[in-house]
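Work through the exercises below with the structure open. Each task is followed by its solution.

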Amino acid sequence: MSRQPIADYALLSDCRSAALVHRSGSVDWLCFPRFDSPSVLGRLLDDSAGHWAVGVPRATSIRRRYIASTLVLETEFETSTGRLTLNDALAVVPNERGHELGRASPHALLRRAECTAGTVELEMEYAPRPDYGRMRPDLTAVVGGILASATPSPLLLSTRVPHTIGGESARARLVLNAGESRAFALEYEPGEGPGAWWSEDEIERRLEETRRAWHSWSRLHQRYRGPWRDLVQVSGRVLQALTYQPTGAIVAAPTTSLPEAIGGGRNWDYRYTWIRDASLTLEALWVAACPDEAMQFFDFLAGAAVRQLEEDGDLQIMFGVGGERELTEHELPHLSGWRDSRPVRIGNGAWNQRQLDVYGELLSAVDRLRTRIGAFSPATAGFLADVADTALRRWQQPDNGIWEIRGERRHFLHSKLMCWVALDRAVGLADAVGGHGDRVRRWTAGRDEIRRAILEQGWSERAQAFTQTFGGDALDASALLIPIVGFLPGDDARVRATVDAIAERLTDSHGLVYRYRVEDGLAGQEGSFLLCTFWLAHALALGGEVARARQVFERAASFANDLGLLAEEVDGDTGELLGNYPQAFSHIGLVNAAWAIAAAEAGTGAAATSSPPSVLEPRAPGGSEQLG
């Protein structure tokens, strides 16, 4: 089983698939050719599931960073005899203007090691284990590198360094002197036969192309200049990295089964696109990266969800990145899991749950991005109007809620709140989605009815707070969204009381916020949620408590690793990162809370659908922008 801390990993992405690289130089997670494909390297979940290590033994210090405004990783190893720099990236083929990433991909992991001072010994070990470690391919040394055969698609390791092959692994050692370098590429080759081997010059050219593509994308898109700018911009790149470019789908995280508690069974596959997560990602990208991807995402939804809404009268909560609707959950008993946290799961059983909040998240994103999206096609406009109608029809029903509780359906306050958001935004979007006359009157009346229900049944005198369910007393962090979505102002007495109750009674020893602390139908416990802690900071900013909001924000942001990456949760005892990683939700929370605090400090208020102009730079003119 893997014991390495989650925070020790860096993310690589080509906007199609992802890799995680340990600070020692070992790639312990890699899925080709899609985020949700079976892993090729999977030591993250079991020592026997494959890795590719390039590193320096007996390093006295290791420092790493992303090269400016990119997801090209630079790791510097210092030894008693010298210094070596390792660059890693998943290859991106840029377009001529650099404003899109992942339109084409060679499905290749690029690595370049250079000795920058003295003399350094370099060690390599290559052990591919496709299909989540269930396949042990034959490795053959050929001119140009190493071929891994007996796999669904060949894996080509381009290397000019001689390796010793044995025990289904290949190993090498060499000494580099100052100024010497070596470059390697691991390429997934769809089809029956191997493709061309890459020279070191070709690998270096591809690595530079990838650096330039990410840098150009960041220069064109990343406009935020408020507080915590570096963290916000890293988060924007992470959210972009979780986008599956061929369809516009956005995954919740690039990993599966990293646990919510060590040794527990709350281990889920997050390599799919939740409508909720993707819609919130688009809203965060509006601040952190000014997305051109919005229209593509809505086209994806129109293709994936319209038919299902027509057939079933409801909106499925999640899809595969290619639009797949059935995501049946399976366990992989041959994998021990991260720190023996079984079971390891692929697929996600929540795909057929009912979650009423998705209507509001989707229409809120449309409302936020409407000036960027342009005119809707008749099909998309009709789909969005139907989403509002569905929220109106179903809001009184129980559901599984935002946290996908696997038990009896309940009347969750958050679900009702987001149905209110759906109808509120639909009224504002009526002209764009073709909602006229009686339809708008129904939406307006329904919105007002939901508002009354929330105020009457969602507030608990006993708890002195808005609570998890209608008629209940248990706290839930999702009630922090009441001011964030504009249902009540942040300085409303009931909102302030709810914020204070959550801060006092729903936090761990670090002051981080739990989702809830009640029985949810699953065994075991979980860590505190970074997203919820950023919600607390956001709500405090909306209530005018800016100094307190800053404290909460910085407390949550302090759990980012040295690269600015966040997981889903934090262990309340040890402070260690837990859960799938990096987690879109956590980075969404960071971006939106930073924006709200910046707006509060600027005195603009940060209403739910407004933009603080002082925080966003003018966008660079796209027509004249070139790579570089």
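**Rings, charges and a helix**

Arg451 lies over the face of Phe487, 4.8 Å from the ring centre. The model is predicted.

**Exercise 1.** Find the residue whose charged end sits over the ring of Trp286.

*Solution.* Arg368 places its charged end over that ring, 4.5 Å from the centre.

**Exercise 2.** Classify the ring pair of Phe32 and Tyr188.

*Solution.* The structure holds 12 aromatic pairs. In this one, the ring centres are 5.9 Å apart and the planes meet at 40°, so the pair is tilted. Phe32 is in the loop between strands E3 and E4, Tyr188 in strand E15, 156 residues apart. Phe32 is buried, at 3% relative accessible area. Tyr188 is buried too, at 15%.

**Exercise 3.** Do likewise for Trp228 and Phe553.

*Solution.* The centres lie 4.0 Å apart and the planes are at 25°, so the pair is stacked. Trp228 is in the loop between helices H1 and H2 and Phe553 is in helix H13, so the pair ties together parts 325 residues apart in sequence. Trp228 is buried at 17% relative accessible area, and Phe553 at 0%.

**Exercise 4.** Determine how the buried residues of helix H11 are arranged around its axis.

*Solution.* List them: Val495, Thr498, Val499, Ala501 and Ile502. Viewed down the axis, they fall within an arc of 165°, so they line one face of H11. On the other side, Ala493 and Glu504 are exposed. Finally, identify the cover: it includes strands E22 and E23 and helices H10 and H12.

Terms used:
Residues are numbered from 1 along each chain as its sequence is written. This is a predicted model: local features need pLDDT of at least 70, side-chain atom pairs count only at pLDDT 80 or more; totals for chains, interfaces and linings use all residues. Side-chain values use heavy atoms; hydrogens and water are left out. Buried means under 20% relative accessible area, exposed over 50%, partly exposed in between (1.4 Å probe, protein chains only). Helices (H or I, at least four residues) and strands (E, at least two) are DSSP runs, numbered from the N terminus. The arc is that of the directions from the helix axis to the C-beta atoms. Contact means heavy atoms within 4.5 Å. Rings of Phe, Tyr and Trp (its six-membered ring) pair if their centres lie within 6.5 Å; planes under 30 degrees apart count as stacked, over 60 as edge-to-face and the rest as tilted. A charge sits over a ring if NZ of Lys or CZ of Arg is within 6 Å of the ring centre and within 35 degrees of the ring normal.
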